[in-house]
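Visitor: Could you take me through one part of this model up close? I'd like to see how the pieces there sit together.

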Amino acid sequence: FVGDLLFETNYYNAINSGEDKEQYFHLVKNYFLKDDLSIGNMEVVIGSEDMPVKGGDNYNFSAPIWVGDLVSSLDFEVLSTANNHAYDQGSAGVISTIDYFKNHTDILTVGTYKTREDTTKQHILEINGIRFGLIAYAMGTNVKMEKDKEYMVSLYKQSGSNSVTAEDKARMKEEIESLNRNVDVTILLMHWGSEYTFEPNETQKELAHFFNSLGVDIIVGNHSHNIQPIEWILGENKTLVYYSLGNFVSADEYIERTNETFNNAYQIGLLSNLVVTKENNHITIDNITTEPIINYYDKNLRNFTLVPYSLYDEE
């Protein structure tokens with residue numbers, strides 16, 4: 001698991017100045033090539049050829065097609081597309097992102113939909129005899145969805161609402177329990193919490209326990225842009241919760257509103273590996289490891305490279 005992939009103007013400027021696209025991922029690529037299932041959060045729209053590139057002006061994003069090619073070079077199996085930027089380019093951006101990954105890669109996107117009918121289809125991958133079910137929810141979208149388009153991004157609360165209602169929970173309960181019946185492991189990809197915070201808020205904690213009661217096995221959270229805690233919830237079931245993995249990709253040298261221990265989006269994200277074992281129809285999740293990943297660039301906003309902490313030195 002890795003966190004947000006957030007491609008921004010400073011990175012585009014580096015590439016336009018001749019920086020090698022392949023440099024960014026070359027030190028982390030082996031993580032993805034050696035595993036069976038890699039999952040991240042695609043935080044930006046992949047635009048069509050006639051959609052302008054936007055790297056974050058007014059926090060609105062649209063990535064060029066080559067960004068999709070670069071991301072797919074990492075050998076992801078799954079990307080969540082349910083996040084607050086999913087509707088930055090309206091329904092056209094949702095569709096162009098889905099179409100890119102469906103038509104040009106083997107990557108499964110989870111959490112955005114082209115049609116209402118698509119929202120009823122379950123996302124299931126069978127790997128080494130284990131059936132993984134995937135479902136994604138976001139808190140909302142920065143650009144308000146038209147009423148007749150609200151099905152296009154999977155939300156855990158009503159669009160524009162500040163709270164999770166009993167109706168919201170009933171809907172998610174039905175979706176999750178239906179998925180549980182057809183899989184061995186349920187992985188829930190959540191875009192939640194408060195930006196630039198290191199601890200989960202009360203809504204995250206409440207929802208994590210709610211999802212535990214429904215039998216979700218793993219919750220992978222994002223949106224805070226910082227690493228938040230990892231914990232086991234041992235309630236009605238056993239659930240591994242990553243409250244937030246932070247950014248995997250970002251390129252903003254200064255953000256005034258961080259209000260914390262740093263003032264830029266250069267930061268440490270987290271990559272986590274684990275082993276899922278199925279024996280006699282019993283699932284075990286163990287061997288959980290984490291590796292901090294430094295999103296490095298130099299003082300001239302060049303030489304973007306994701307550096308595993310074990311390789312990060314003074315040079």
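Guide: Let's start with Ile-127, whose bridge partner in strand 8 is Ile-130. Strand 7 and strand 8 (residues 130-138) run antiparallel and are joined by five bridges; two strands count as paired if DSSP finds at least two bridges between them. Strands here are DSSP runs of E with at least two residues, helices are runs of H or I with at least four, and both are numbered from the N terminus.

A quick word on the source: this is a predicted model, where local features need pLDDT of at least 70, side-chain atom pairs count only at pLDDT 80 or more, and totals for chains, interfaces and linings use all residues. Residues are numbered from 1 along each chain as its sequence is written, and side-chain values use heavy atoms, with hydrogens and water left out.

Now zoom out a bit. Six strands make an open sheet with mixed pairing, in the order 7-8-9-10-12-11. Strand 7 (123-127) and strand 11 (230-234) are at the edges with a single partner strand each, so one side of each has no neighbour in the sheet. From one strand to the next, the twist averages 20°.

Across strand 7, strand 8 and strand 9 (185-191) lies helix 5, at about 165° to strand 8. Such angles run from 0 to 180 degrees between N-to-C directions, with axes fitted to C-alpha atoms, for helices over the stretch in contact; contact means heavy atoms within 4.5 Å.

Helix 5 (residues 166-180) also holds Asp-168. Leaving out residues up to four places away in sequence, Asp-168 touches Tyr-156, Lys-157, Gln-158 and Ser-163.
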